[in-house]
Amino acid sequence: MTPSPFASPERFPEAAAPLEEACAPLPRDIGAALAFALSRRPVADARPVLLALTRAWLGEYGRPFASGLAGPPPILVGATTPAEVLWALEQGLRSGAVSLAVGAVGDATLAQSRRLEFAARHGGAVGVTLSRGLEGLSAARRRWRVSTLTSAGDRDDARAPGLARLGVELVRGRGERPGTWILEQDDETHRLRLADRLAGVRPAAIAGTGARAGLAA
Amino acid sequence: MSVRRRSLERAHAPASPPEPALDPRQPFALTLKNGRGAVVLHALNPAARAAGLRRGQGQADALAMLPHLACQPADPAADDRALEALAIWAERWSPSVSLDPSPNGLEGLFLDVTGAGHLFGGERALLAQIRERLAEAGIAARAAAAPTPGGAWALARWSDPDGPAPVVGQERLRERLAELPLAALRLDAAALAQARRFGLKRIGDLYAMPRAGLARRFRGTGGVELVRRLDQALGYEGEALTPVRSPPRYRAWQAFAEPLGDLAGVEARLPELVDDLAAALERDGQGARSLTLTGFRTDGGTTSLAIRTGRPGREPSVWLRLFREAGLGRLELGFGIDALMLAAELVEPVLARQTALHDEAARQAEGLAALVDRLSARLGEDRVLAPEQVDSWIPERAERWRPALAGSPAPLEGDPGRRPILLFDPPEPVDAIAELPDGAPARFTWRRLSRRVIRADGPERLSPEWWRPAGDRRTVRTRDYYRVEDEAGGRYWLFREGLYGREYGGGEGERAPSWWMHGVLP
């Protein structure tokens, strides 16, 4: 893929680490963060997906709509507390029965996220935690900030919204340089891939994603 | 066998401190409004009965006879609940316990102890144990064993309460019943009054009567009923009893000489029970999908804990883990339990899956089922969910989350590009401005934020399911769905409910079409 002027020169890490964190700074980014988290499932892994969310989360941001999710239908855990989400995530990751476990853990401590990472390694699975901010410490190998971007527009109808487009910023990666990438939903596989049609993206739209750091790099 | 309860549960309920009802020498009665609105006596203590009061008597009448009679309103629903709880407790003696189904009879239990007597050292010993245990739990009871429910009902009520509980075999049943009054046949008041007029007093008086004549003479007051009750008592006609809980096919059982007072004791006994049950299932090639652990408390109550699994199994270690996951601490031991029962309610044959184990997909399915079992045991079945598509085209109805225990999730027919990733159910109201009445919105306010629409796609029209009326009885209208994108990059799924022109003419009392936020697209 040709490097685009807005993207970081670093290669986008397609393969997910055992534990990653997807942070949605604003409420409108939640859908993008969830889509990004689900896209961290290894393509060849046929095991199902576990989603663990609190009732408060479900009430605030809506319930997952399986018809709109790419990939196999998930198992949804409707927990009452973040502690239950952590427990469900750990059980799921450790069991080896799921390929990916995504959970809204709230403010998990370093020790809690480390437990999740151990469980994910044990079960050969990928864990992604959803958060609202990146202030606290975390054992997540990669910490992403995800934001939704205006789409490039529909190929056939300029007035219609195009494929989902989001900006992801690797804020902290162990042994990796931070970078910014723009991902777009593939219209056939519905997986997220690096956007190659960047003509429609205005720099102002991605400024909020921290893409300036990428520009300067 | 019938156990008659004479205790007045309500009398023991804590009330104001000077409680005349607690003193058995004080006459006390529970009252109830009868069908005609009059307040009548519903239950009496021995002192009130000795004073000549009877059940069904008007309260005013009773107070005239006995001015110091203490009365409290009865609570039949609470009585039913208490009796049902007692019935479950009585499952320690028989897997099939039913409530007395006769009208006015909600104070007795039938235990089918066919073939169970020898477990307790004979039927006499069993009856003695029943009376002893109930007395320890503070429940005055009478018991009798007979070949028919009707016979046991009669003998329990008309035998000497202080003597040994009667045990009557088929050969002496007819003779023993003959000397009892007609009321022992579970008849209604009208039939009894009619019988008194004919001079029939004892059950034995009926033996010589021609049956057709009996039925005819008691016509209008339940003549057929009289003959049927007689036949049921004597065993000429069968009587179906409905157990409070259907008897489980497999159960393991342990009774303790000393009541267990703490969870550690229960936890120590559990592995043995689990092994027993697993062995019984193994013998028959069966596996359990739901198990209930019941503790029988010394105070006449029961406490139970249930687990369910997605597929039939009989692995003791898995069950033990699920019980711990579900929380043995939820068992309320009270003053101690003296018996534990583990019953398998839902039993299915286990197919030998030895060959399938090599299959990667099958192994994964096993792993997922085990995970779902564990999550469900700890968090609750209704909290671990899998999506399911339903025959409906209203989005919030077309897909629902059902307990994952019911089966592994089936692949869905989705449309990820055009359907939201998160759905608001119910949809949230939105203030929207459209350039054309039936066009896409140009601007909308949702959750107090005003957003300018830069791109929109639609409408995708969903017709109302007219055969399903809305809950609030308003007419269901067409929905026009739009995928819109605002200037900040948010993508949303909005719809307008109602069509201009066809469904809304601008008339008085009509609802104008309104905008709703239904979901977020990635």
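User: What makes strand S2 (residues 28-33) and S3(B) of chain B count as paired strands?

Analyst: Strands pair if DSSP finds at least two bridges between them, and here 5 bridges join S2 to S3(B), so the two are paired. They run antiparallel. Take B:Leu32: its bridge partner in S3(B) is B:Val40. A quick note before going on: this is a predicted model, where local features need pLDDT of at least 70, side-chain atom pairs count only at pLDDT 80 or more, and totals for chains, interfaces and linings use all residues. Residues are numbered from 1 along each chain as its sequence is written, while chains are lettered from A and ligands numbered from 1 in the order in which they are written.

User: Why are S3 and S4 of chain B called edge strands?

Analyst: Because strand S3 (39-44) and strand S4 (70-73) of chain B each pair on one side only. The open sheet has 3 strands in the order S3-S2-S4, with mixed pairing. Neighbouring strands are turned by 40° against each other on average, direction ignored (axes are lines fitted to C-alpha atoms, for helices over the stretch in contact, and angles run from 0 to 180 degrees between N-to-C directions).

User: How do you know whether B:Val244 is buried, exposed or partly exposed?

Analyst: Count other C-beta atoms, placed from the backbone, within 10 Å of its own: 20 or more is buried, 12 or fewer is exposed, and in between is partly exposed. B:Val244 has 17, so B:Val244 is partly exposed. For the whole of chain B, 35% of the 522 residues count as buried.

User: Where is B:Val244, and what is B:Val244 in contact with?

Analyst: B:Val244 sits in the loop between helix H11 (223-234) and strand S8 (250-260) of chain B. Helices (H or I, at least four residues) and strands (E, at least two) are DSSP runs, numbered from the N terminus. Contact requires C-beta atoms, placed from the backbone, within 7 Å. Leaving aside neighbours within four places in sequence, the contacts of B:Val244 include B:Glu84, B:Ala87 and B:Leu99.

User: What residues make up the contact between chains A and B?

Analyst: Chain B gives 46 residues and chain A gives 48 residues. On the chain B side, H14(B) has the largest share, 9 residues.

Terms used
Two residues are in contact if their C-beta atoms, placed from the backbone, lie within 7 Å.
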